[in-house]
Amino acid sequence: MTGSVPDSFAGPLPREGIGAEAAYAEVLARVVPYTMGNDHARFWGWYMGTGTPVGNLADLVASALNPNLGGGDHAPVLVEQQVVRWCAEAVGYPTSASCLLVSGASEANLVGLAVARSAVLGPTVRTEGLAGVWTVAVYASSEVHSCHRKSCELLGLGEASLRLLPVHEDQTLDVAALAQREGLWLHVDGAIGGFLGLSAHRDLVRGMARADSLALDLHTWMQAPMDVGLVLVRDEAAHRATFSVVPAYLRHATRGLAAGDVWFTEYGIDLTRGFRALRVWMALLAHGADAHGAVMDRTTALAYRLAELVDGHPALERLAPVGCDIVCLRYRVDGLDEEQLDAVNRELVLLVQESGVAVVTETTLRGRLAVRVAIGNHRTRPEDLDLFVAALERLGPRAVAIVTG
Ligand SMILES: Cc1ncc(COP(=O)(O)O)c(C=O)c1O
């Protein structure tokens, strides 16, 4: 390809087509070589799944069939009903819960908090909005994901309604600071660890099934192609009461295509819904739920292995205990102050990405910049960790030289 990649996407609307074959050639030339790379064994950025061939095949079939999963009486709806029941079973949640596949944990959390808001404030929140409501508080860990702030804002509660609770030294929530006796709605964000019940580390999520609502991601540790998440709500009536609007043209019938007991559109935001369910259903059928748990065990073991390598290395320092499969570390050089160490590690993250060896990202932990390695990747092997540590050894001094001039 000649010219820069962004420039190759600057052309105007094509009024006449070039044909499918030529369009596909453009995909191969301009898109495929420049994707995110998260199907690679050493992609450990943010927290992403890496997809599977079975998921790819399911997506091809799903888009070829192209059904609308808003509702109706057809097999794809039954696939989604079965897959959400399977997921509830996998995480030890009642299979009587109402469940819905969504775009990811952000939407799952928004739906869960919307049901909580309706359940706490009553039906007038749908007719009158928040008029007359004094305050609503959402208690969460100080380390809670940023999507909860978005949810509070979108639900009209405002960012100020999010009250952040202290965490222990290992960054876990001080659950004793949650007040069960106050009758709060308990919502669990299980975006990363929600399916740990399938793994040998199931103790880490003991008690999760007590939640009134639960948000899960399937495109993270469960490896489904993006995007797909899941929300479960214990009280089906409360869930439906939050979202159901059935205009005349969408009335459910007792026969024909508009039959069907459950219309997903009554439980969430979207009316038209794609066949995300197939990529999860087919993967669970092909590999079995236990294989997914085994991936969690394997990637957790890899994280502990990386932690060992870091702990044994004179130029590396771990910045947090390993909970499951995320390792936070930094490159350390004597004589540099904290600000310089932050700058060195920010530069190091970029150098590692640009080297093509691995993708890791940055975060801040207790005021210190950390190189964050999120190994939710079923393709990672122990040798990949050695290559990564070797890259840190090689690129660390270069990052120091860039920062200190
Ligand atoms: C704890 C947590 N909650 C919510 C989210 C948002 O999930 P999604 O990106 O699927 O919307 C993430 C993303 O990684 C997360 O880690």
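1. Over the ring of which residue does the charged end of Arg 30 sit? The ring is that of Phe 9, with the charged end of Arg 30 5.0 Å from its centre. A charge counts as sitting over a ring if NZ of Lys or CZ of Arg is within 6 Å of the ring centre and within 35 degrees of the ring normal.

2. The model is predicted, with local features needing pLDDT of at least 70 and side-chain atom pairs pLDDT 80 or more, while totals for chains, interfaces and linings use all residues. Residues are numbered from 1 along each chain as its sequence is written, and side-chain values use heavy atoms, leaving out hydrogens and water.

3. There are 3 aromatic pairs in the structure (rings of Phe, Tyr and Trp, the last by its six-membered ring, with centres within 6.5 Å; stacked under 30 degrees between planes, edge-to-face over 60, tilted for the rest). One of them is edge-to-face, because the planes of Tyr 47 and Trp 221 meet at 85°, with the ring centres 6.4 Å apart. Tyr 47 belongs to the loop between α2 (20-31) and α3 (53-65), and Trp 221 to the loop between β5 (213-217) and β6 (229-233), 174 residues apart. Helices (H or I, at least four residues) and strands (E, at least two) are DSSP runs numbered from the N terminus.

4. Tyr 47 is buried at 11% relative accessibility, and Trp 221 is buried at 1% (buried is under 20% relative accessible area, exposed over 50%, partly exposed in between; 1.4 Å probe, protein chains only).

5. Trp 86 and Trp 281 form a stacked pair, 6.3 Å centre to centre with 5° between the planes. Trp 86 lies in helix α4 (residues 75-90) and Trp 281 in helix α9 (residues 277-287), so the pair ties together parts 195 residues apart in sequence. Trp 86 is partly exposed at 25%, as is Trp 281 at 22%.
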